[in-house]
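Subject: Structure for you to look at

Hello,

Here is the structure I said I would pass on. Please open it first, then read the notes below.

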Amino acid sequence: MSSVDEDETDVCGDLCTTTEGLCNTVVGVLGGGQLGRMLCQAASPMGLKVDVLDPLPEAPASRIAHRHEVGSFKDASAVRIFARGCGVLTVEIEHVDVDTLDALASEGVDVEPRPSTIRIIQDKYLQKEHFAKNEVPLADFVKLDDMDAAIQAGRTFGYPLMIKSRKMAYDGRGNAVAHSVDKLAEAVQVLGGFERGLYAEKWAPFQKELAVMVARGRDGSLRSYPVVETAHKDNICHTVEAPAAIPEATAKAALKVAEKAVGCLYGAGVFGVELFLLPDGEILLNEVAPRPHNSGHYTIEACATSQYEQHLRAVLGLPLGDPAMKTPAAIMLNILGEAEGEAGMAAAHKLLHSAVAVPGASVHWYEKPDVRPQRKIGHITIVGPDRRTVRRRLAEIVQKAGWTGD
Ligand code: ATP
Ligand code: MG
Ligand code: MG
């Protein structure tokens with residue numbers, strides 16, 4: 001294993017000590033959910049080896065990983081044991097035991113992106129502070145330690161006021177909106193109280209939500225994918241359209257903010273950058289994920305190099321691939337569980353069957369052990385000659401299946 005203190009520009013040639021195939025370094029991924037599964041899928045054609053650490057015996061990546069170690073990525077000894085079999089460690093989720101990653105890195109284990117990046121990102125308040133310090137445009141924010149601070153935040157930022165938990169946030173599960181000072185206590189309570197670690201964000205009255213996947217090589221060089229538009233439902237990503245229907249100048253501004261954000265992080269990999277486009281054209285950063293991202297699923301069918309292949313290339317120090325689209329338009333629909341168990345499964349299967357009959361549509365099923373409402377269980381990507389066509393094809397799929405999640 002190479003030391004993180006060594007030359008930052010080291011490439012796979014340094015990592016791989018034998019001549020077996022492209023690279024015989026084992027990539028160890030903390031997490032074996034759908035993102036880990038798609039990393040395994042991307043590794044397969046190149047003969048790369050991806051091991052995953054996940055507590056669920058039936059985790060989505062389990063069936064196709066080179067090796068699935070059943071254990072928690074939040075458990076120090078499980079992470080340590082897992083790391084022994086890997087040449088480079090990376091993540092598909094940021095809610096991991098970062099202290100152990102830090103310790104491993106100081107012992108010479110290669111961790112990409114760097115534990116410092118994961119530490120910054122896993123605490124959304126630290127993340128905001130880091131980006132503010134680096135002059136990345138953001139909505140105003142303030143730490144909340146007690147009700148006085150919340151009332152003061154409401155006075156300064158106005159309402160609605162977004163309250164967020166600092167840690168363990170995903171799919172909007174750490175967010176609560178207070179519409180007036182009377183609703184502050186309720187929002188705080190919904191999030192588990194001030195002890196959980198909260199902060200407030202000024203409301204961003206966005207016109208659209210945009211996202212950019214940015215790949216960062218081991219030498220710090222950046223390669224960005226096109227700007228896409230994301231649409232959320234109940235705080236969960238619903239659809240992604242690529243490229244976003246925005247003026248070129250707006251796309252350029254979005255890329256600039258995204259690259260500025262990723263440029264001030266550390267280590268290699270792909271990063272999912274979520275942005276707000278305000279009515280006056282201003283771009284604000286929402287948050288960054290230090291890993292492949294839901295808004296980049298479309299790259300599997302629509303880009304020369306998928307975000308998953310790109311992540312593997314980046315962490316292994318292989319040359320970064322071409323992020324350009326190879327099709328004029330793409331749309332992605334997340335499949336969320338509609339109902340518990342059998343009923344949810346039947347509805348989702350109907351949607352998959354409807355999709356495979358449509359040209360340009362690809363289905364992805366994550367093989368999760370059970371279907372639960374509002375949980376991501378698969379997605380569909382449709383590529384085509386223009387935005388209208390892919391939208392129409394998606395509408396046909398959804399309508400034919402009687403899918404109510406749309
Ligand atoms: P993810 O699954 O993307 O990690 P998350 O739980 O980290 O989600 P955020 O990205 O912070 O949550 O917020 C989820 C959604 O809530 C955003 O995509 C956006 O639609 C809305 N949102 C977040 N912050 C604000 C804000 N300051 N003003 C208005 N809307 C916001
Ligand atoms: Mg998030
Ligand atoms: Mg988000």
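**The parallel sheet**

Four strands make up an open sheet in the order β3-β2-β1-β4, and their pairing is parallel. Each of β3 (67–70) and β4 (88–91) has a single partner strand, so these two stand at the edges, with one side of each left without a neighbour in the sheet. From one strand to the next, the twist averages 25 degrees. Please keep in mind that this is a predicted model.

Within this sheet, β1 (residues 26–30) pairs with β2 (residues 49–54) in the parallel sense over 5 bridges. To find the pair on screen, look for valine 29, which stands opposite valine 52 in β2.

**The strands around β13**

Strands of a sheet can pair either parallel or antiparallel, through backbone hydrogen bonds. Strand β13 (residues 269–277) pairs in the antiparallel sense with β14 (residues 283–289) over 6 bridges, and it also runs antiparallel to β9 (residues 208–216), joined by 9 bridges.

How many residues lie between β13 and β14 in their hairpin? There are 5, and glycine 281 in the turn has a positive phi of about 95 degrees. As for burial, 9 of the 9 residues of β13 are buried.

**The UniProt record**

An unreviewed UniProt entry lists residues 128–316 as "domain: ATP-grasp". In the model, that span is 29% helix and 31% strand, and its end C-alpha atoms lie 29 Å apart.

Regards

Terms used: Residues numbered from 1 in each chain as written. Chains lettered and ligands numbered in written order. Predicted model: local features only at pLDDT ≥ 70, side-chain atom pairs only at ≥ 80, totals over all residues. Pairing = 2+ DSSP bridges. Axes fitted to C-alpha atoms, helices over the stretch in contact; angles between N-to-C directions. UniProt positions renumbered as here; feature names shortened; annotations may be inferred. Buried ≥ 20, exposed ≤ 12 C-beta atoms within 10 Å, placed from the backbone.
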